[in-house]
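This report describes a protein chain and one of its pockets. Please look at the sequence and the model below before reading on.

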Amino acid sequence: MNISGALPKVGEEPNEEPNSAGPAPDSRTRRLAATPVVGALGVVFGDIGTSPLYSLQTAFSVNHNEVKVTQLDVYGIISLVVWSLIIVVTLKYVVLVMRADNDGEGGILALTALLRGRLSGVKLRSTILVIGMVGAALFFGDSLITPAISVMSAMEGLQVARPGLEGVVLPGSLIVLTILFMVQRFGTGKVGRAFGPVMIVWFVSLAILGVPQIVRHPAILLALSPTYAAQFWIARPGIAFVAMTAVVLTITGAEALYADMGHFGAGPIRRAWFGLVLVSLLLNYMGQGAMIMDNPRTIDNPFFHLAPEWARIPLVVLATAATVIASQAVISGAYSMAHQATRLGLLPNLRALHTSNKEYGQIYLPAVNWMLFAGVVALMFGFRSSNALASAYGLSVTGMLVTTTGLLTLMAIRIWHWPMWRVLLRIVPVAALELLFLAANMTKIVHGGWLPLTVALILVTVMATWMTGNRYVLRRRGEIEGPLTDFLTRVRAVVTTRVVGEAVYLHANPKTAPLALKENVRFNRALHERVYIVRMKTASIPRVADADRFRIDELPEHYSGLYHLTITFGFQETRDIPGAIAAIGRQCPQLKINPDEIRYFASVMTLTPGGDAPMNPWRKHLYIWLARNATPRGEAFHLPPNRTMLMGGTLQI
């Protein structure tokens with residue numbers, strides 16, 4: 001018997017996911033607001049929308065104020081900002097990268113999964129995986145820095161409004177972020193609905209703040225021409241090179257346009273960018289430049305000097321709200337990235353709680369949340385100002401930009417089959433600018449750039465160790481388990497009793513016998529009437545079509561009532577095994593599945609060092625530690641505790 005076909009979707013159950021692969025969508029949901037455009041404004045653009053708080057301030061303070069308040073320098077910096085927004089954000093992300101969706105989903109790991117699913121060749125697929133791992137690791141470094149630099153830059157507005165309050169900045173920022181991380185476990189759906197309107201007010205305020213300064217100094221509009229950026233580079237190449245470390249801060253959060261495609265769609269994100277965000281950012285940056293030309297003393301914090309004195313405290317409040325929203329988006333993105341990495345086999349199972357029964361994909365990962373919080377607090381006390389943190393920020397941003405462009409180039413050449421002239425015209429200029437950003441930020445390694453590199457190195461090491469260890473364990477398990485056909489032949493002679501009911505054995509390798517099944521037969525000399533050996537597959541797409549959801553094969557004639565059941569999930573879908581099997585039973589009544597009576601058996605291995613795994617001893621200990629601290633399989637697959645038995649043995653690695 002062979003049955004395959006559709007299965008009702010099984011993605012909205014509360015609790016946890018499995019050890020194999022993928023990103024549950026983060027708490028930034030598909031519908032955070034009344035319309036997708038408003039929702040996109042509240043979630044997608046929080047990071048890039050709060051960059052005006054600190055980016056130009058950083059630009060005019062690099063190398064002890066080497067960028068001077070002259071027409072050459074000011075117009076040059078503003079021109080670099082304008083064209084960075086146009087080339088990197090608009091041309092690269094809005095026009096090109098958002099075409100490279102994986103069944104509607106975006107993000108570095110979704111693109112990695114897409115390319116690995118479409119391209120062949122061990123070396124090429126390995127290269128793609130490494131690039132994706134590095135990009136994901138750099139994202140976690142960004143997730144540490146963004147909340148700290150964003151909220152601190154907003155609170156630093158108090159120093160402009162009330163100079164005597166500068167001592168409040170650090171403790172005030174700490175209080176705001178502590179509250180933010182503490183409320184994560186309650187979910188962000190209700191708060192999220194207010195994000196869009198708040199960010200609309202923020203972007204409109206950015207434009208309103210910039211326009212009066214442009215009116216007073218209309219010549220700043222000349223900076224829209226790229227010739228001023230070129231003149232700055234020609235006249236002061238060394239200073240222009242260093243200034244690129246600050247200019248790149250104006251495009252932080254560009255990756256969110258791509259990563260959040262699955263939540264809002266490409267159309268709403270594009271409309272929000274062209275309809276409000278880009279215009280507001282350009283007006284604000286040019287307004288800051290115009291004000292600096294008229295009053296050089298405002299370079300200490302040009303953003304808050306844009307506001308009249310009476311409006312500065314309200315502006316601090318609004319800026320703090322905007323930076324909290326930006327931080328929330330990044331925190332949720334970290335949940336999503338970590339969850340996605342577990343589904344793609346890059347990290348062990350992480351406990352994930354679904355915080356909403358109504359909102360799609362709202363999850364909370366306690367381990368990720370508190371590690372981020374500890375890192376953010378350490379950064380705030382270590383760097384103590386947004387200006388100091390900017391040196392660390394740029395390297396993580398540019399690293400993510402370059403990794404995405406590398407994968408985009410592969411996509412264009414190997415999947416879209418672009419001719420080389422089109423690659424040279426559309427991608428090479430973007431790559432050249434991003435490599436220039438990266439080179440400039442490499443000079444900041446000793447001034448804080450080491451931080452995202454260290455975080456990325458640690459995470460890539462963890463991912464590589466987990467994958468290497470898993471490959472070894474799976475191979476050794478296969479040797480211990482032995483061929484399934486040989487086991488079934490022995491079963492006919494050994495088993496004398498068939499127990500009423502059904503049993504499910506979770507097992508990844510269809511050619512070998514599950515350890516739990518072997519132990520059960522050896523100890524009890526009995527089998528259930530119907531036995532399902534369940535294999536889960538993770539597709540390289542976020543959601544699997546119903547027609548491709550499952551396949552059932554009755555095992556050969558050695559023993560009746562034994563079935564191979566393969567359930568395929570997309571890397572965005574919840575792996576609720578009991579829910580999936582119940583749905584199969586409803587669709588295939590001839591199987592007579594009784595989901596409330598099924599007994600579940602899972603094979604587990606206790607790992608110890610001392611084997612011949614191809615890893616250094618410290619990596620073996622790291623892998624064992626990761627395996628021991630992973631979410632238990634029963635919880636990961638939503639197995640009912642009162643009907644689940646774990647069986648297995650010991651394995652040296």
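How much space lies in the second largest pocket? About 640 Å³ lies there; a pocket is an open set of points on a 1 Å grid where a 1.4 Å probe fits, with protein on both sides within 12 Å along at least five of seven lines, and a volume is the space filled by probe spheres set on the points.

The model is predicted: local features need pLDDT of at least 70, side-chain atom pairs count only at pLDDT 80 or more, and totals for chains, interfaces and linings use all residues. Residues are numbered from 1 along each chain as its sequence is written, and side-chain values use heavy atoms, without hydrogens and water.

The second largest pocket has 22 lining residues, meaning residues with an atom within 4 Å of a point. Nearest its centre lie L347, L350, V368, M371 and L459. At least two lining residues come from each helix in the table; helices are DSSP runs (H or I) of at least four residues.

| Helix | Residues |
|---|---|
| α6 | 122-155 |
| α17 | 366-383 |
| α21 | 450-481 |
| α25 | 617-629 |

The most, six residues, comes from α17. By class, the lining comprises 19 nonpolar, three polar and no charged residues.

The chain as a whole contains 26 helices and nine strands, strands being DSSP runs (E) of at least two residues. Its C-alpha trace spans about 95 × 45 × 45 Å along the principal axes. Of the 653 residues, 59% are buried, that is, under 20% relative accessible area with a 1.4 Å probe.

Definitions and conventions:
Nonpolar A, V, L, I, M, F, W, Y, C, P; charged D, E, K, R; others polar. Buried < 20%, exposed > 50% of the residue type's maximum accessible area, 1.4 Å probe, protein only.
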